[in-house]
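Please have a look at the model below.

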Amino acid sequence: MVDANNNLYREFLDVIEDLFDAPEFQRLSECRHHYGVSRMQHCINVAYYSFVVCRRLGLDYRAAARAGLLHDLFYYDWNSETMSFKQHAYSHSKEALKNAEKLTELTELERDIIKNHMWLCGAIWPRYRETYIVSVADKICALWEACRGVRIKATGMARKIPIGSRAA
Ligand SMILES: [Fe+2]
Ligand SMILES: [Fe+2]
């Protein structure tokens with residue numbers, strides 16, 4: 001469990017604060033992403049773990065945190081019947097990149113992270129190590145969140161996600 005008051009977590013919040021407070025990001029709290037997990041919480045989970053791993057490895061942890069936070073910056077319901085999972089898997093990173101570019105100025109690395117975070121879905125090849133790390137963090141978080149949803153469904157017990165305490 002991550003202590004919201006530890007130095008690492010505070011450093012993470014400093015890096016993402018301007019993006020976190022933007023209405024365009026706050027709107028993600030209204031979007032369901034996985035069972036019982038908002039898109040905002042999912043993005044915070046991915047951003048935080050990417051930040052920690054990249055920092056440990058001496059990589060660009062600032063870019064990993066900021067682009068990780070924006071990697072799913074889109075607003076449609078991907079669970080809707082109007083879109084297949086395959087369509088969603090290919091299109092949402094482009095939509096997120098478009099929205100992120102409207103929100104802030106992105107570096108080449110941050111652009112690569114958002115655009116190619118769906119690595120392993122088709123012919124997508126990241127250009128930077130940070131992109132691979134965010135992509136793997138995304139998959140682990142998605143699996144964890146989905147399993148959490150199954151567990152909640154099975155037991156009827158809601159357990160608090162340990163990170164992103166500022167999120168809804
Ligand atoms: Fe995504
Ligand atoms: Fe994601």
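pLDDT stays under 50 over residues 157–163. pLDDT is the predictor's confidence in each residue, on a scale from 0 to 100. For residues 157–163 the model has ten contacts beyond four places in sequence. Two residues are in contact if their C-beta atoms, placed from the backbone, lie within 7 Å. Where pLDDT is low, the predicted coordinates should not be read in detail.

This is a predicted model, in which local features need pLDDT of at least 70, side-chain atom pairs count only at pLDDT 80 or more, and totals for chains, interfaces and linings use all residues. Residues are numbered from 1 along each chain as its sequence is written, while chains are lettered from A and ligands numbered from 1 in the order in which they are written.

**Confidence and make-up**

The chain averages a pLDDT of 86. Of its residues, 85% score at least 70. Among the elements, helix 4 (residues 61–70) has the highest mean pLDDT, 98. Strand 1 (residues 32–34) has the lowest, 82.

The chain holds seven helices and two strands. These are DSSP runs numbered from the N terminus: helices are H or I with at least four residues, strands are E with at least two. Along the sequence the pattern reads α-α-β-β-α-α-α-α-α. Of the 168 residues, 36% count as buried. Buried means 20 or more other C-beta atoms within 10 Å of the residue's own, exposed means 12 or fewer, and partly exposed lies in between; C-beta atoms are placed from the backbone. Among contacts with a separation of 6 or more, 63% join residues 24 or more positions apart.

**Helix packing**

Two packed helices are described by the angle between their axes and the distance between the axes. Axes are lines fitted to C-alpha atoms, for helices over the stretch in contact, and angles run from 0 to 180 degrees between N-to-C directions.

| Helix pair | Axes come within | Crossing angle |
|---|---|---|
| helix 3 (residues 39–56) and helix 4 | 8 Å | roughly 170 degrees |
| helix 4 and helix 6 (residues 108–115) | 9 Å | roughly 40 degrees |
| helix 5 (residues 85–103) and helix 6 | 8 Å | roughly 145 degrees |

Take helix 3 and helix 4, which cross at roughly 170 degrees. That makes helix 3 roughly antiparallel to helix 4. Angles under 35 degrees count as roughly parallel, over 145 as roughly antiparallel, 65 to 115 as roughly perpendicular and the rest as oblique. Ala, Val, Leu, Ile, Met, Phe, Trp, Tyr, Cys and Pro count as nonpolar, Asp, Glu, Lys and Arg as charged, and the others, Gly among them, as polar.

Helix 4 and helix 6 are oblique to each other. A63, A64, R66, A67, G68 and L70 of helix 4 meet L109, E110, I113 and I114 of helix 6. Seven residues of this contact are nonpolar, one is polar and two are charged.

In the pair of helix 5 and helix 6, S93, A96, L97 and A100 meet R111, I114 and K115. Here four residues are nonpolar, one is polar and two are charged.

**Two loop residues**

C31 sits in the loop between helix 2 (23–26) and strand 1. C31 counts as partly exposed because it has 18 C-beta neighbours inside 10 Å. Beyond four places in sequence, C31 contacts S38, R39 and Y75. C31 and D77 are 46 residues apart in sequence, yet 7.1 Å apart in space, C-alpha to C-alpha.

R27 also lies in the loop between helix 2 and strand 1. With 13 other C-beta atoms within 10 Å, R27 is partly exposed. R27 and M40 are 13 residues apart in sequence and 7.9 Å apart in space, C-alpha to C-alpha.
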